[in-house]
Amino acid sequence: MFFFCLFGAVDFSFAQTLTPYCYGIASSADGSKLVAVASYGNNGEIYTSTNSGTKWTQQTNAPNLNWYSVASSADGTKLAAGPENGPIYISTNSGVDWMPTTSPSTFWTSIASSADGTKLVAEQGHPGMGPIYTSDDSGLTWSTNNVPSLAWEGVASSADGTKLVAVATTGEIYTSTNSGGFWLRRAATGLFWTSVASSADGTKLVAAWGIGGIYTSPNSGATWAVTSAPTELWDSVASSVDGSRLVAVSDDLDTSNPGIVITSTNSGLTWTTNTGPDFSYWSSVASSADGNKLAATPYNGSTIYTSRTTPSPQLSRAFVSNNFEVSWIVPSMNFALQQNSDLTTTNWVTLTNVPTLNFTTLQNLVNLPPTNRTCFYRLATP
């Protein structure tokens, strides 16, 4: 059967009660593996889930620190977490074991990862001032660059780790096209930037203004435009890999106007305000590659919330090295590639070719030998 997208207003549902004050959350490409970090009086914890947030496991091998930021590779095996006062820690086995890196001990406000987990970028900043650090060996070693020390608050990476974008609470936006080797100042708007997200190719960006609106860029940060999102205390944004589906959460502390969740299916052109728990002041949000699985953490509680909508992955085709290549964005549900030589029949055959993950585009790829007969392809639930 075909699945058609039902992504519109999403409903965040209860996931599980954890340690209070979960500040950061990250997701694998398919949304099945999640990692959340908590900060609670120097006794913060790290939690992971392998079933899209239905059940969480405390990773006891992680030190008890005031965790603030976290990032994940596309397959969810390589993780990086930053505390409020300490070095960045990494895991290579989905959070079971953690080891400190050679990064400075400081307040790590934001971390981003390439899809394969080898390239990392981390910010030292708000509420203080600091530089941006990058790593090209999964966090084993770190280096700085030409970017100035600012109150950095958000950073995002393209899937291959080459295109980076960083935002500061002092209004600056910087981008890099060589994995942080050199940074270019893009904007100095005076806006209180709090978060930024990127499409897989690094061209479509979305940034949250902490005391205003949501901005998008269609050209890797060269120009920015305000969207129709309402004026809120926006705290975190996330994006699908194609940049079409966006989500933003606010942390308005006014109990008469609690934090809200908004989503867009057209790159921020229009937004939908979604239902959620009452009086939640959101701190972080994460998205699967297709934008159909979301997870959010509130400031004022110990519950992580998740949302799921039905994906409708679209097939793309190309000829590569004399082979017929079929590809689709990594879906948040299991799909099988099927083939039929006649659309008037129901003789669909499930192909046994195992898809490979393209870490640059975050798409599943299947290479098929050329054939002289007509063939049709579709994705269906197994």
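Residues are numbered from 1 along each chain as its sequence is written, and side-chain values use heavy atoms, with hydrogens and water left out. Because the model is predicted, local features need pLDDT of at least 70 and side-chain atom pairs count only at pLDDT 80 or more, whereas totals for chains, interfaces and linings use all residues.

Strands are DSSP runs of E of at least two residues, numbered from the N terminus, and two of them pair if DSSP finds at least two bridges between them. Four strands in the order β6-β7-β8-β9 form an open sheet with antiparallel pairing. Five bridges connect β6 with the antiparallel strand β7 (residues 79-83), and serine 72 has leucine 79 in β7 as its bridge partner.

Strand β25 (residues 282-287) pairs with β26 in the antiparallel sense over five bridges, with valine 285 opposite alanine 296. The two strands form a hairpin with five residues between them, and glycine 291 in the turn has a positive phi of about 80°. Antiparallel pairing over four bridges also joins β26 to β27 (residues 303-308), where threonine 306 is the bridge partner of alanine 295.

The whole structure contains 11 aromatic pairs, defined for rings of Phe, Tyr and Trp (its six-membered ring) with centres within 6.5 Å, planes under 30 degrees apart counting as stacked, over 60 as edge-to-face and the rest as tilted. The ring centres of tyrosine 68 and phenylalanine 107 are 4.9 Å apart and the planes lie at 85°, so this pair is edge-to-face. Tyrosine 68 belongs to strand β6 and phenylalanine 107 to the loop between β9 and β10 (108-113), 39 residues apart; both residues are buried. Tryptophan 108 and tyrosine 133 form another edge-to-face pair, at 5.4 Å centre to centre and 75° between the planes. Ring pairs also link Trp193, Trp209, Tyr215 and Trp224 into a cluster.

How values were computed:
Buried means under 20% relative accessible area, exposed over 50%, partly exposed in between (1.4 Å probe, protein chains only).
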